[in-house]
Amino acid sequence: MFTGIVEELGHVVGLDTGEDSARLTVSGPLVTTDAVHGASISVNGVCLTVVEHGGGEFTVDVMAETLRRSSLGALVPGAKVNLERAMPASGRFGGHVVQGHVDGTATITHRTPGDRWEVVGFTLPPELARYVVEKGSITVDGVSLTVASVDDTSFTVSLIPTTLDLTTLGHKDVGDPVNLEVDVIAKYVERLMTQQAGAADGDAAQEDHA
């Protein structure tokens, strides 16, 4: 599990793409200080497993489902990426519950600079819109953010200088893709409510035939 607090802005060293998979090598001197084979590192919000590491770099395998769901397949050598190690049980919970399981992608629609901050707008896939609420949490490229505004097709966030300086969100342009992970609690609530409604309908049907 992650918290969406980016530890390091790394960059892609290599990307070896196959027919339905890829092997990604990333430079991340900080996140590799305690890396071991099998460790989990979030790359732009995607939880990936370390298969090789050394010299401040680590390598991960990316399967077809991940390539389909995320923007990792569009990365090129030199591209900046947000990195976060999995949170230890004794760690400080700085953001919100982030699984590293990307729900879909979006694109940046606009950037509006402020005095010392910036409002950034994104498209919102229709299938994810019901999980996004104003002042709720959302993960964008692995960054835990608060939704400033939202409608059926888009949402905005306000970024402070630290986020602009230390994550990819300060370096991306309008039209660039980002990975989205909605609040998993919302998905669990929806699932539970749907099951309860289904059970209630079933009980009512049985009573009608009693």
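Which side chain meets that of E118 in a salt bridge? The partner is R111, with 2.8 Å from N to O, where a salt bridge is defined as a side-chain nitrogen of Lys or Arg within 4 Å of a carboxyl oxygen of Asp or Glu. This is a predicted model, in which local features need pLDDT of at least 70 and side-chain atom pairs count only at pLDDT 80 or more, while totals for chains, interfaces and linings use all residues. Residues are numbered from 1 along each chain as its sequence is written, and side-chain values use heavy atoms, with hydrogens and water left out.

**Overall build**

- The chain contains three helices and twelve strands, these being DSSP runs numbered from the N terminus (helices are H or I with at least four residues, strands are E with at least two).
- Among the contacts in the chain with a separation of 6 or more, 69% are between residues 24 or more positions apart, and a contact means heavy atoms within 4.5 Å.
- The chain exposes about 10900 Å², of which carbon and sulfur atoms supply 53%; accessible areas come from the Shrake-Rupley method with a 1.4 Å probe, and for residues only the protein chains shown count as cover.

**Strand pairing**

- Strand β2 (residues 22-27) and strand β5 (residues 57-62) run antiparallel and are joined by six bridges, and two strands are said to pair if DSSP finds at least two bridges between them.
- Within this pairing of β2 and β5, A22 stands opposite V62 in β5.
- Strand β4 (residues 46-54) also pairs with β5 in the antiparallel sense, over four bridges, and V50 has V60 in β5 as its bridge partner.
- β4 and β5 form a hairpin with two residues between them, and G55 in the turn has a positive phi of about 65 degrees.

**Salt bridges**

- The structure holds ten salt bridges, among them the one between E118 and R111, in which E118 counts as buried at 13% relative accessibility.
- E7 forms a salt bridge with R85, and the closest N and O atoms are 2.7 Å apart.
- This pair links distant parts of the chain, since E7 is in the segment before β1 (8-17) and R85 is in strand β6 (residues 80-85), 78 residues apart.
- Both partners count as partly exposed, E7 at 32% relative accessibility and R85 with a relative accessible area of 21%.
- E190 forms a salt bridge with R130, where the closest N and O atoms are 2.4 Å apart.
- This pair too links distant parts of the chain, with E190 in helix α3 and R130 in the loop between β8 and β9 (137-140), 60 residues apart.
- E190 is partly exposed at 27% relative accessibility, whereas R130 is exposed, with a relative accessible area of 54%.
- Salt bridges that share partners join E7, D34 and R85 into one network.

**Aromatic pair**

- A search of the whole structure finds one aromatic pair, formed by F122 and F155, which is stacked at 5.1 Å centre to centre with 20 degrees between the planes.
- Because F122 lies in strand β8 (residues 118-123) and F155 in strand β11 (residues 154-159), the pair ties together parts that are 33 residues apart in sequence.
- Rings of Phe, Tyr and Trp (its six-membered ring) pair if their centres lie within 6.5 Å, and planes under 30 degrees apart count as stacked, over 60 as edge-to-face and the rest as tilted.
- Both F122 and F155 are buried.

**Helix residues and a surface patch**

- T163 has its place in helix α2 (residues 161-166) and is buried, with a relative accessible area of 14%.
- Leaving aside neighbours within four places in sequence, T163 is in contact with V143 and G170.

Conventions
Buried < 20%, exposed > 50% of the residue type's maximum accessible area, 1.4 Å probe, protein only.
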